[in-house]
Amino acid sequence: MNFAFSSDQQLLKNSARAFLDEHMTPATVRLLWDDPRGESETLWKEMGELGWLGLSLPEAHGGSGLGMVETAILLEEMGRAAVPGPYLPTVLAARAIEESGTDGQRKRWLSAIATGDARATLAFLDADLDWRPEATQARAEKRATGWTLSGTKRFVPWAHVADVLLVPARTPDGLTLFLVDPGAAGLTLEPAQVMDGATRLVTVTLEGTPVAGDAVLGAPGQAGPLLASLLRRGAVGAAAEMLGAARRCLDMAVGYAKVREQFGQPIGSFQAIRHKCAEMLLEVENSHSAVYYAAWALDAKAEDAELAPSVAKAYVGDAARRVCGEAIQVHGGIGFTWEYDLHLYFKRAKALEAMYGDADHHRELIVRRVAA
Amino acid sequence: MDLTPTPEDLAFRSQVRRWLGANVPAHELKTLDERKAWHRKLYEAGYVGMLWPRELGGWGASPMQQAIVQDEMARVDAPPAINGLGIGFIGPTIIVHGTDWQKQRYLKKMLTAEEIWCQLYSEPNAGSDLASLKTRAEDQGDHFVVNGQKIWTSSGPIADWGILLARTDPKAPKHKGISCLLLNMRQPGVEVRPLRQITGSSLFSEVFMTNARADRRDLIGRLNQGWEIAQTTLGFERGSNSLGRVTRYAIAFNQLVRAAKELRRDGRPLIEDPRVRAKLGKIYAELEVQRYAGLRVLSALNRGESPGAASSITKLSYTEFEKRYYELALEILGPWGQLVTAREEFEEIDTSSGEPGTWATAFLWSRAGTIYSGSSEIQKNIIGERVLGLPKEVRADRLKA
């Protein structure tokens, strides 16, 4: 029983930190905030070369065959740097294709994703914003050759840069997952502007959008469990990113409290500030335990592998919001300025809090599991 | 990172489970003699003093094994061992700072609970500011004469021996004039008066020392080294209860769910009320995080790492969680949760004292955790200064020193 990272895992963490410190400085993040596309294509290719995009894909498809723990390690570092881009949605979609795809689908997408030549995303939420797969509203109708999809998918991350969308829709057989070309007829993309410039969310409207018969991912009518499993991975991934953002904010707050002087002494010497920092550390450390426990549970198929992701998302969502917010408080006025970098991480954490089910949603999932 | 239990740990766990199945007393232990007999049995089975070195009567076991024993005992609600302060804290202090004579004289009888120990640190005017203590020990050559008052002394009425902090040099700066002594509690100059707590029980006491005697051979370390000794962070027992504690929380949670299914409000079972469900979900998520954090601490201990000041994070985390837990539980249960003599389904919750009680007692007990062994505020100072490296606060007593 060992909770510490292996030397390989620590190496991955260190190299990710070094790479992002160099290539994803706050100045670069700010440039991407103002960029219409919002992500760096150069960085994406480099992430492919570093093996990050195929990290958890099988070696046969250009991947490294690693697990959710390694993915969480990368995501924590990306959260720490507030990296803009479709990393999490792409690896989630890749996972679904790898797990449930046909040989053809796997061949078409997995290597391309691993090398950085393709991006993917999950168009999950309908207009009523319900994170339960069974609440899906979009519909698919069978045609002579293939299907047509209709519905509105809200807050789809990075759909404007994606090469393929995973779209769940209701069919007479039940909930079915489709691989949809974003350029297909009757499909429109409408980007929304949200307060985190590193988060790009798009409304995807499907009006009789035709998809081919071989675009069904997994067994028709059987998408529920696959989607639930993807959302659990998404929850752990988002929690890992929030952890990274929270730790960055804590580090900035502590660093500032050591040098900022008021009343003739560093403000960190005042209990009002020191105690706040101690409480922030407590929540960051507990978040670390929650994220990596859940990631390990998924990899190990532990008996609580379906529960732990909800625990992590519920706990870390609340904790990251508080820690990043208190970091602003410790900084005072400077922390409220656009020029100071704190808000990059504060907003990144806030954006992720709502994704893959918020804390309330996951607490309800927990109660269904433990109080049935 | 791999949290899978090793085959050895699994085998050890089933061995412990079998032993407890065969040996846990069927009836409640009422007298001190009965509890001592059970303690002795646990000790002989190798389940007390597990981390102590073998040559001093311990078992040289791993922190993981010790945590497994605590966890299995929690699962079956086995009566705990006694003398916890002695075995967890005072004994290790003697092991690290004591003389050979002291080790020979005291340690084995502490392990077997032949002699019960208490801690004589806090005073009415020396709580968080422990170094301002006023109890005096006057050096008479072969012995010290002790006068003063201690408070919050757990196990005071049953204790045979106490570890005492007393001022031996009133002229020195306050941290530098304190010595650490072992005090015989069974002498005419020592009077123990029970103190009643907000739970209604009297588990701790006041201790009055009037010309009490402590032998010179019972001085721990050097004269006036007491503060330093009291500050030593000792690697024994910490984290040992990390699994058992959470198992107790989880058992109580199941009882809470059962109650929420039986009790009705607004014409439906509580469990169907979204407000109740949100509270249950919050408790369970935090409870699980405590478990993960406990595994993390345990894994560090098992690798031989000493958490040092970081153990303040653990203490702060679970004691503050306990308060939130029982506050939410009582909100869910309403007046049912406040019954001191409760209906059967609400009885026998393990409180943070380790004693069975009702939800009301558990709720009341949860107020103690954030005060004892260094209040939450003191823990936050330690975390701020020693873990985060924030500057020390400018303090009047340090300026004088």
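Tutor: Most residues other than glycine have a negative phi. B:Ala113 sits in the loop between helix H5 (100-111) and strand S1 (117-120) of chain B. Helices (H or I, at least four residues) and strands (E, at least two) are DSSP runs, numbered from the N terminus.

A word on the source. This is a predicted model, in which local features need pLDDT of at least 70, side-chain atom pairs count only at pLDDT 80 or more, and totals for chains, interfaces and linings use all residues. Residues are numbered from 1 along each chain as its sequence is written, while chains are lettered from A and ligands numbered from 1 in the order in which they are written.

Chain B averages a pLDDT (the predictor's confidence in each residue, from 0 to 100) of 91, and 94% of its residues score at least 70. For the complex, the predictor gives an ipTM of 0.96 and a pTM of 0.95.

Now the rest of chain B. Its domain assignment gives domain 1 (7-82), domain 2 (116-224) and domain 3 (242-387); such bounds come from an automatic or database assignment. The centres of domains 2 and 3 of chain B, taken over C-alpha atoms, are 32 Å apart. Between them, 4 residues of domain 2 of chain B are in contact with 7 residues of domain 3 of chain B. Contact means C-beta atoms, placed from the backbone, within 7 Å.

Next, the partner chain. A:Phe155 also has a positive phi, about 50 degrees, and is not a glycine. A:Phe155 lies in strand S3 (residues 146-157) of chain A. It is partly exposed, because 19 other C-beta atoms lie within 10 Å.

Finally, the contact between the chains. It takes 41 residues from chain A and 42 residues from chain B. On the side of chain A that touches chain B, H8(A) gives the most, with 16 residues. That side of chain A divides into 24 nonpolar, 10 polar and 7 charged residues. Here Ala, Val, Leu, Ile, Met, Phe, Trp, Tyr, Cys and Pro count as nonpolar, Asp, Glu, Lys and Arg as charged, and the others, Gly among them, as polar.

Methods. Buried ≥ 20, exposed ≤ 12 C-beta atoms within 10 Å, placed from the backbone. Contact = placed C-beta atoms within 7 Å.
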